[in-house]
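Please look at the sequence and the 3D structure below before reading on. The text after them goes through selected features step by step.

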Amino acid sequence: MLDLASITEYVPAFLDGFIITAEVSILSILGSFILGILIALMRVSSNRFLNYTSLVYVDLFRNIPFIVLIFFGYYGLPEIGVYMDAFWTGCLVLSIAVGAYVGETIRAGILSVEKGILEAARSFGFSKFQIYAKIILPIALTISVRPLGSVFINLILTTSILSSITLNELTGVSKVIASTTFRPFEVYVFLVIFYGLLTFMISALISLWHRHLNRYLGEEAS
Amino acid sequence: MIEIKKLHKNFGDLQVLKGVDLTLKPGEVVSILGGSGSGKSTMIRCINGLEGITSGSIFVDGFDVSNKKELLEVRKKCSTVFQQFDLYPHLSVLENITLAPVYVLSSSKKDAEAIALDLLDSVGLADKKDVFPAQLSGGQKQRVGICRALAMRPDYLLLDEVTSSLDPEMTAEVLDILKKLAREGITMISVTHEIEFAREISDRIVFLDQGRILSDLPKDEFFAGDGGLADPRIARFLSKMGEFNGQA
């Protein structure tokens, strides 16, 4: 049955795939986070243009299958002269698509900041920018960190779809190994365990981050 | 000097303030009394620009509250203490107090912290500087709220029902601090339900009813009954507060 020994020689190849998965994940998390904050700020803005644009963005990217977006980016855009390799196409499309979810998550956090706290800040003469940077976003983040964690775990799992645009990340590498060794069972058992451990570790990190950000609530939290 | 002239404030069709005139001279302590819905909190919120005014004018040392650029100067001169404390929950007590001096007044962090520690010391909370607001009692929170306001070195202190969310014991600890400040000569406008407190600290008592000033009298005349108390509405208010025992 399970014969892991038959695939041990491919561990370095798995690791190469893992490094690509990790790189894409980290870059896309950063990208989608920055984009998400921008989208959230636009969504709560009183400027109607910004508000409407961000709403369209969110609705658009939450309602298109990721695999369609990635095909569009990798196979479609070159037709009109926009070339990027699979790695950067993956990072960009992931950031844009997940940015829509991050934006909605942070927006929910922003909306839950108590009105009185904002009024207090305004009454002391802080600028709008200072109020967002020093008060609203830090508080919103402490509220959004858990749902944000799910969004980012989903992002990491979604990187596996990038194997369909020839990127040899963890899943892509595994496909190759499975077809070379004719041991798909072992290969995919290994892959399942690997993704499981990876997201488990990320959840643990998110929990720590959550506890750190919410330390101000004292004992009653966590 | 704070000069309020013919101040009107509407919320939609609801007229909350219907032509209020009030002048506050430096060093004066004025208490605003009145029932719920009389517009007294709204008045304070108009002075620090949290509510836009419908008509009339408010000038603080010559700065126009309704002018966007001058509003910042007004806010530097007037610090507010809030009923619900409204401390920044994610910052330590010390950071709560130093945030505005550092970012609004551009004080150095070191100076701001020195001032904050002095203030905390004066309200007996020096040992709480590193804890978060959630770990404080209501009275302690409000004492931090007062420190946060004083750290701006304001010319005017606006108190918006600062003891309404506190139990009697905590109320006493907050009022003690405010009494001390009043004696030190700070200029204050205090919206309050605490008649005894108003009597103790105020130079003047303004009584607001349904958006109009019913009486604006020196404290002694107000409580002596030959002025404000002549009006049955004021007498009724005071007797309902249960603090006033037939001195009229």
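What follows covers a sheet, the strand inside it, and some aromatic rings.

The model is predicted. Begin with chain B, where six strands form an open sheet. Their order across the sheet is 6-7-8-3-9-10, and the pairing is mixed. Strands of a sheet pair through backbone hydrogen bonds, and this pairing is either parallel or antiparallel. The two edge strands of chain B are strand 6 (78-81) and strand 10 (212-218), each of which pairs on one side only. From one strand to the next, the twist averages 15 degrees.

Now find strand 3 (residues 29-33) of chain B. On one side, four bridges join strand 3 to strand 8 (residues 187-191) of chain B, and the two run parallel. Here B:Ile32 stands opposite B:Val191. Strand 3 is also joined by four bridges to strand 9 (residues 204-209) of chain B, again in parallel. In this pairing, B:Ser31 stands opposite B:Ile205.

How many of the residues of strand 3 of chain B are buried? The count is five of its five residues. In a regular strand the side chains alternate between the two faces of the sheet. In strand 3 of chain B, B:Val29, B:Ser31 and B:Leu33 lie on one side, while B:Val30 and B:Ile32 lie on the other. These residues are all buried, so both faces of the strand are covered; buried means under 20% relative accessible area.

Helix 5 (residues 138-150) of chain B lies across strand 6 and strand 7 (156-160) of chain B. Its direction is at about 175 degrees to strand 6.

Turn next to the aromatic rings. Over all chains, the structure holds eleven aromatic pairs. One of them joins A:Phe14 and A:Phe190, whose ring centres are 4.2 Å apart. Their planes are at 45 degrees, so the pair is tilted. This pair links distant parts of the chain: A:Phe14 is in helix 1 (residues 11-44) of chain A and A:Phe190 is in helix 8 (residues 184-213) of chain A, 176 residues apart. A:Phe14 counts as buried because its relative accessibility is 2%, whereas A:Phe190 is partly exposed at 24%. Ring pairs also link A:Phe14, A:Phe18, A:Phe190 and A:Phe194 into a cluster.

The charged end of B:Lys9 sits over the ring of B:Phe11, 4.9 Å from its centre. Likewise, the charged end of B:Arg148 sits over the ring of B:Tyr88, at 4.8 Å from its centre.

How values were computed. Residues are numbered from 1 along each chain as its sequence is written. Chains are lettered from A and ligands numbered from 1 in the order in which they are written. This is a predicted model: local features need pLDDT of at least 70, side-chain atom pairs count only at pLDDT 80 or more; totals for chains, interfaces and linings use all residues. Side-chain values use heavy atoms; hydrogens and water are left out. Rings of Phe, Tyr and Trp (its six-membered ring) pair if their centres lie within 6.5 Å; planes under 30 degrees apart count as stacked, over 60 as edge-to-face and the rest as tilted. Buried means under 20% relative accessible area, exposed over 50%, partly exposed in between (1.4 Å probe, protein chains only). A charge sits over a ring if NZ of Lys or CZ of Arg is within 6 Å of the ring centre and within 35 degrees of the ring normal. Two strands pair if DSSP finds at least two bridges between them. Axes are lines fitted to C-alpha atoms, for helices over the stretch in contact, and angles run from 0 to 180 degrees between N-to-C directions. Contact means heavy atoms within 4.5 Å.
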